[in-house]
Structures are given as C-alpha cells and as structure tokens.
Amino acid sequence: MQWKRHITGLAFSIVFVVSYFTNKFVLSVLKFTYPTLFQGWQTFIGAVLLLLSGKFGWVEMSRITRSAALSWLPGSLLFVGNIYAGSRALSRIDIPIFFTLQNSSHVVSYIILKVFHREKTQWLKLISICLMLLSAINLPLHDPQFDYSGYLWAVGHLLCVGAYRVFQVHYKSSNLSDLEQQCINYLFSVLLLAIAAHPTGDLTGAMEFPSLQSHTFHCGCCASALLGFLLLLATVKLKSGLSLEHFRVWIFLSKITAMSLSPFIFYMDINTPSLICVVISHVGEALLMYSQRDSQL
C-alpha cells in the first residue's frame, strides 16, 4: 500500500508542476492576460467535468442543498479573488517569486486565527511566520525584474489564499466535501467572471489578441483547463489517502520542483539576494509544516 501512496504523490507532483508551467506559458509567453476569460474558461471546464464525473459515479458527490451553497458563498468569493489575482500576478512575476509571496498567505491565516480565534502562540510557528514575512518584504527591494503591478496583485492573491484557508477549516455549517466545495466555487466563478468580462475590458481586449487563432494558444488553453481539473482530483485523492502532515510535504516538494525546473523552461533574471529571500521563505514554510504536525492549519 505504501508504494501506491508514493505513486499518487508523484502523480500529484507531475500534474502540479505541468499545470503551473502551462498557465505560466499562456499568461507570460503568449501574453493572454485576460483573467476573467482565462480563469472563466478553466472554471467552466472544471465545473462541467466535475458534474459529469459525479453524474456517472466516477467521483463521490452528494446533492448540494441551496442552504449549503449559500453558506459557502464567502468561500467562493475568496476563491474567485484567489484565482483572479493569482492569474494577474503569475503573468508578471516568475514562479519562484510567486511561490515566495504566496507563502505569506500563512501570515494572513495566522493573524486571522490570532485575532478571531485566539490561537495560542507556538514559538516555532512564530519564527516560521516571521521568516516568510521578512522574505516577502525584502524580495521587492532586491528583485531585478520588480513589477509593481505584479506584486500588488500577488498581495491580493495571498490575502485571499490566507483567508480562504481559515474559512475552509473553520466552516462548520454543513458537511460539504472538498469536491462539493470546489463545485460551488467553480459555478460561482463562472457566473461572476462572465459578468465581469465586459466591464474589465477583457472581452474586447481578447478580440484583438494576436494569437487568438493560433493552435498553440488553443492547445495551451485546453491543456490548462484539463490540468486544473486533474490537479483537483489528484489533490483530493492524495489528501484522502495520506495524513495531513504527509499531504503538506507533497505540496512542498511539488513547489520546490516547480521552482527548480522553471529557470530551464522560462527566462528568469534572479540575483543572489532574491534567491536568498526565496530560500529563507521556504525554510520558513518547512518549519511551519514541522510545527503544524497535528494541526489543521
């Protein structure tokens, strides 16, 4: 049984890395920077595939009641903010920088728990939080490719990720599974992003996109949507088959792999101080995982 868990973890890592690389390719190389359409497309395909999988019994999903869906809407709103701001940020900053800033979402979760849930302070956790925060603060001061807009969107992304993490753990009003939560997220995202496509100018901008008829662009969009859905299934499978501690380890290893391989796939200009910030941030993340061995957050 142990080897099956390793295979599941390896499959998760492969899908994780390829998914991020595909999104980065579409956003930065092809420069399709219209997140209401790009993320709307991904969530639409995700919703269709998830509903079909549930219909044919390929995944376990119960009927979602109206009250359960409505009570989950704050989480869905944070999810939309997460993917929209994350898409904006990833289009402008490199993957190692993106993950380093994303780590600061743990700072947001820590502050929310400290203020609203009176969580007790563990010194090791506090040290790890400080390492990630200091790395994120110093990173823009040393990043040779500093992009103000990209960093600003990254801040919005990490705020939503941190708040969503707390909401997901402390949400107690119904017994929605991870897949059911994600189904609501997908459907809400499709609706909200479709409404926002015209006011944000994404719809008119996309009509003038130079590679709109390119097969490379079409393949990239299809791959990104399919990989996003496969990543969801791989995540749920891995989470159900492992302890939370080992699940976090696989996510950490997947991020390290993506950061290590990204310079070979995409052009990057990173100096020594920036690299030190990236390393310290992920040392902080490793310490946080160690301090949270028996915790849900």
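Me: Where is Gln182 placed?
Reply: This is a predicted model, and in it Gln182 sits in helix H9, which covers residues 178-196.

Me: Buried or exposed? I mean Gln182.
Reply: Gln182 is buried, because its relative accessible area is 12% and the cut-off for buried is under 20%.

Me: What is Gln182 in contact with, leaving aside neighbours within four places in sequence?
Reply: Gln182 has contacts with Leu50, Phe79, Tyr164 and Leu232.

Me: Tyr164, then. Which residues of H8 are buried?
Reply: Tyr164 is one of them. The buried residues of H8 also include Gly150, Tyr151, Ala154, His157 and Leu158. Further along H8, Cys160, Val161, Gly162, Ala163, Arg165 and Val166 are buried too.

Me: What do the buried residues of H8 pack against?
Reply: They pack against H4, H5, H6, H7 and H9.

Me: What span should H8 have, at 1.5 Å a residue?
Reply: With 23 residues, H8 should span 33 Å. The C-alpha atoms at its ends are 34 Å apart, which agrees.

Me: And H4, what should that span?
Reply: H4 takes in residues 73-90, and its 18 residues should span 26 Å. Its end C-alpha atoms lie 25 Å apart, in agreement with that.

Me: How many residues of H4 are buried?
Reply: 13 of the 18 are buried, so H4 is largely enclosed by the rest of the structure.

Me: On to the cores. How many residues has the largest nonpolar core?
Reply: It has 40 residues. Phe32, Ile93, Phe99 and Leu101 have the most contacts inside it. The helices that each supply at least two residues of this core are H1 (2-29), H4, H5 (95-102), H7, H8 (148-170), H11 (215-241), H12 (244-265) and H13 (272-291).

Me: Which helix gives the most to this core?
Reply: H1 does, with eight residues.

Me: What does Ile93 touch, not counting residues up to four places away in sequence?
Reply: Ile93 touches Lys24, Phe98, Leu101, Gly150, Tyr151 and Ala154. There is also a second, separate core of 11 residues, which includes Ala68, Trp72, Ile83 and Tyr164.

Me: Back to H1. Where is the place of Ser19?
Reply: Ser19 is in helix H1. Its relative accessibility is 4%, so Ser19 counts as buried. Beyond four places along the sequence, Ser19 touches Leu227, Gly228 and Leu231.

Me: Another serine. In which helix is Ser254 found?
Reply: Ser254 is found in helix H12. Ser254 counts as buried, because its relative accessibility is 0%.

Me: What does Ser254 touch, with residues up to four places away not counted?
Reply: Ser254 touches Phe12, Ser13, Phe16 and Val17.

Me: What separates the C-alpha atoms of Ser254 and Thr216?
Reply: They are separated by 26 Å, and the two residues are 38 residues apart along the chain.

Me: Now a loop. Where is Lys31 found?
Reply: Lys31 is in the loop between H1 and helix H2, the latter running over 35-55. Its relative accessibility is 56%, so Lys31 counts as exposed. Lys31 also has a positive phi of about 60 degrees, although it is not a glycine.

Me: What about cavities? What volume has the largest cavity?
Reply: The largest cavity has a volume of about 60 Å³. The count of cavities of 30 Å³ or more comes to one.

Me: Which residues lie nearest the centre of the largest cavity?
Reply: Of the 10 residues lining this cavity, those nearest its centre are His106, Ser109, Tyr110, Lys125 and Gln292. H6 (105-116) and H7 (123-142) each supply at least two residues of the lining. H6 gives the most, with four residues. By class, the lining of this cavity has five nonpolar, three polar and two charged residues.

Me: And the second largest pocket, what is its volume?
Reply: The second largest pocket has a volume of about 240 Å³. H6, H7 and H8 each give two or more residues to its lining, and the largest share, five residues, comes from H8.

Me: How many residues line the second largest pocket?
Reply: It is lined by 14 residues, and Ser104, Ala136, Ile137, Val155 and Leu158 lie nearest its centre. The lining of this pocket has 13 nonpolar residues, one polar and no charged ones.

Key
Residues are numbered from 1 along each chain as its sequence is written. This is a predicted model: local features need pLDDT of at least 70, side-chain atom pairs count only at pLDDT 80 or more; totals for chains, interfaces and linings use all residues. Side-chain values use heavy atoms; hydrogens and water are left out. On a 1 Å grid over the protein atoms alone, a cavity is a set of points where a 1.4 Å probe fits but cannot get out, and a pocket is an open set with protein on both sides within 12 Å along at least five of seven lines; lining residues have an atom within 4 Å of a point. Grid points are joined across faces, edges and corners, and a volume is the space filled by probe spheres set on the points. Ala, Val, Leu, Ile, Met, Phe, Trp, Tyr, Cys and Pro count as nonpolar, Asp, Glu, Lys and Arg as charged, and the others, Gly among them, as polar. The expected span of a helix is 1.5 Å times one less than its number of residues. Buried means under 20% relative accessible area, exposed over 50%, partly exposed in between (1.4 Å probe, protein chains only). A nonpolar core is a set of buried Ala, Val, Leu, Ile, Met, Phe, Trp, Tyr and Cys residues joined through side-chain atoms within 4.5 Å. Contact means heavy atoms within 4.5 Å.
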